[in-house]
Amino acid sequence: PGTLVLPWTEFVHADQALKAPHEIHERLTQGGLSRWAHVEVQAADPAEAAAALFVLRLLGWPSVAMGPR
C-alpha cells in the first residue's frame with residue numbers, strides 16, 4: 001500500500017469554501033488513489049483530519065477511517 005500526502009488546502013478554495021466534488025475526486029485520482037481504495041486520514045491537527053474524513057465520506061468514498069497521527 002502506498003501513501004498519498006495531500007494537504008487540507010487541496011479540498012478548499014482560498015476563501016475556505018469547499019471545492020466541487022469532481023475537483024476533489026480528480027485531485028485524488030491524479031495522486032494515484034483508486035476510487036475503491038481504503039483511505040486512512042492523518043493530520044497533526046485533529047480538526048483537519050476530521051474535516052478531511054468528513055469530506056471524503058461526503059463524496060461517498062466507500063472506506064475511510066482515521067489513522068494514527
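At the start of H2, the backbone nitrogen of Ala 47 has a side-chain oxygen of Asp 45 within 3.0 Å. The model is predicted. Helix H2 covers residues 46-58, 13 residues in total. From first C-alpha to last it reaches 18 Å, close to the 18 Å expected at 1.5 Å a residue. Just after H2, Gly 60 adopts a positive phi of about 90°.

Ala 49, Ala 52, Leu 53, Val 55 and Leu 56 are buried. Seen down the axis of H2, these buried residues fall within an arc of 165°, so they line one face of the helix. Their cover includes helix H1, strand E1 and strand E2. On the other side of H2, Ala 47, Phe 54, Arg 57 and Leu 58 are exposed.

| Element | Residues |
|---|---|
| Helix H1 | 21-30 |
| Strand E1 | 39-41 |
| Strand E2 | 64-66 |

Lys 19 sits in the segment before H1. Is Lys 19 buried or exposed? Lys 19 is buried, yet has no salt bridge. The nearest side chain of opposite charge belongs to Glu 10, 4.6 Å away. A salt bridge needs a Lys or Arg side-chain nitrogen within 4 Å of a carboxyl oxygen of Asp or Glu. Leaving aside neighbours within four places in sequence, Lys 19 is in contact with Thr 9, Glu 10, Phe 11, Val 12, His 13 and Ile 24.

Technical notes: Residues numbered from 1 in each chain as written. Predicted model: local features only at pLDDT ≥ 70, side-chain atom pairs only at ≥ 80, totals over all residues. Heavy atoms only, no water. Helix = DSSP H or I, 4+ residues; strand = E, 2+ residues; numbered from the N terminus. Expected span 1.5 Å × (residues − 1). Buried < 20%, exposed > 50% of the residue type's maximum accessible area, 1.4 Å probe, protein only. Arc of directions from axis to C-beta. Contact = heavy atoms within 4.5 Å. Polar contact = N/O pair within 3.5 Å; in protein donor to acceptor, adjacent residues only side chain to side chain. Lys, Arg positive; Asp, Glu negative; His and termini not counted.
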